[in-house]
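Here is a short briefing on local features of one protein model. Keep the sequence and the 3D view open while you read.

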Amino acid sequence: MSFFYDAERIIRKYQHRIVLPEGTDKRIVGAASRLKNNNLLEPIVLGKPEEVQRVADENGFDISRVQVIDPLTYPEIDDLVKAFVERRKGKITEEEARETLKDENYFGTLLVYTGRADGLVSGAIHTTAATVKPALQIIKVNPMYSKVSGGYLLIRDKELYVFGDCAINIEPTSEDLAEIAKQSAETAKNYGLDPKIAMLSYSTKGSGKGELVDKVRHGFEIAKEKYPELVIDGELQFDAAFVPEVAAKKLGDSPVAGKANVFIFPDIQAGNIGYKMVQRLGNFEAIGPILQGLNAPVNDLSRGCNEEDVYKLCIISSMEAIKITEERQRKNNA
């Protein structure tokens, strides 16, 4: 069985509400139709109902049971405006909030923040910035982190790896790399992996020299000190991290070398190139970017995505919502 077969079985009983702000895009409407009619979750599509229905009719999608909300006529808009103003703590007036909520991403993010939805998936039409900015302002970063990062799941049948950061932080510092390692480990655990984290470099344990190597090595040292529970090693070249025979030649005893399943890249350029090479040359599915470190699931699509990508990122968002709910329950019971 595939990873997503198992994930569908898990999320079905929760029936999470996932907001899809881009309701005039056929990829979004098609995915919403499948998710609802497969009884996996409750998609909430944003847009004028007649326009969303037109897209459905033109493409043969059944959305008769899909909830469609028009932000411009939403009956509880006053509640969202009030919540937005309070969340921004004086940085926005009521009038400005009302105007801003005409933006589907802001509106959808407020649905998540106020508990009217469990997660949001956007980016088929909008830029990453248009998805991330409302999330940072309203959902905000989990207090244990200083910023969010973009992780990818690389999936082929039952094979699963986590790559980070491939989408958000352009030139992360050593401190950033340590946080990305922790966030990516949490993502890995959420999907059943026992995370073994490799901090990637062009050097393995001092075989190369320079500032780029030092940054990764320092990031590893910070992660070990700040998150002692992590199984992590660095700096490692990819072959030393992944291939047991290479690891045996290049390193002595390591908890990670030759068996890593979470890969932390030194910058966004390496990460973006790396995941796309694995996707195209290795025939892996690349799901993401998953916005790691937020207080609720908000995830970004590529504008080159297809309907299947939307469908699967919604499933991933539901899986994230399970984890966040369980964490809150543990804190409440502590």
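Predicted model: local features only at pLDDT ≥ 70, side-chain atom pairs only at ≥ 80, totals over all residues.

Proline 289 sits in strand β10, residues 285-292. Residues are numbered from 1 along each chain as its sequence is written, and side-chain values use heavy atoms, with hydrogens and water left out. Helices (H or I, at least four residues) and strands (E, at least two) are DSSP runs, numbered from the N terminus.

**Backbone**

- A cis peptide bond also runs from glycine 234 to glutamate 235, with omega near -5°. Glutamate 235 belongs to strand β8, residues 232-236.
- Asparagine 39 is not a glycine, yet its phi is positive, near 60°. Its place is the loop between α2 (26-37) and β2 (42-46). (Buried means under 20% relative accessible area, exposed over 50%, and partly exposed in between, with a 1.4 Å probe and protein chains only.)
- Lysine 89, also not a glycine, has a positive phi of about 50°. The loop between α4 (77-88) and α5 (94-100) holds lysine 89. At 68% relative accessibility, lysine 89 counts as exposed.

**Helix packing**

- Helices α6 (residues 104-113) and α7 (residues 128-139) pack at about 35°, with axes 9 Å apart. Axes are lines fitted to C-alpha atoms, for helices over the stretch in contact, and angles run from 0 to 180 degrees between N-to-C directions.
- On the α6 side, the contact (heavy atoms within 4.5 Å) includes Asn105, Tyr106 and Leu110. On the α7 side, Ala130, Lys133 and Ile138 are among the residues that take part.
- The contact residues divide into 9 nonpolar, 4 polar and 1 charged. Ala, Val, Leu, Ile, Met, Phe, Trp, Tyr, Cys and Pro count as nonpolar, Asp, Glu, Lys and Arg as charged, and the others, Gly among them, as polar.

**Cavity**

- The whole structure holds 1 cavity of 30 Å³ or more. A cavity is a set of points on a 1 Å grid over the protein atoms alone where a 1.4 Å probe fits but cannot get out; lining residues have an atom within 4 Å of a point.
- Lys147, Val148, Ser149, Asn169, Asp176, Glu179, Ile180 and Gln183 line the largest cavity. Helix α8 (residues 174-190) gives the most to this lining, with 4 residues.
- The lining divides into 2 nonpolar, 3 polar and 3 charged residues.

How values were computed
1 Å grid on protein atoms, 1.4 Å probe; cavity = no way out; pocket = protein on both sides within 12 Å on 5 of 7 lines; lining within 4 Å. Points joined across faces, edges and corners; volume = space filled by probe spheres on them.
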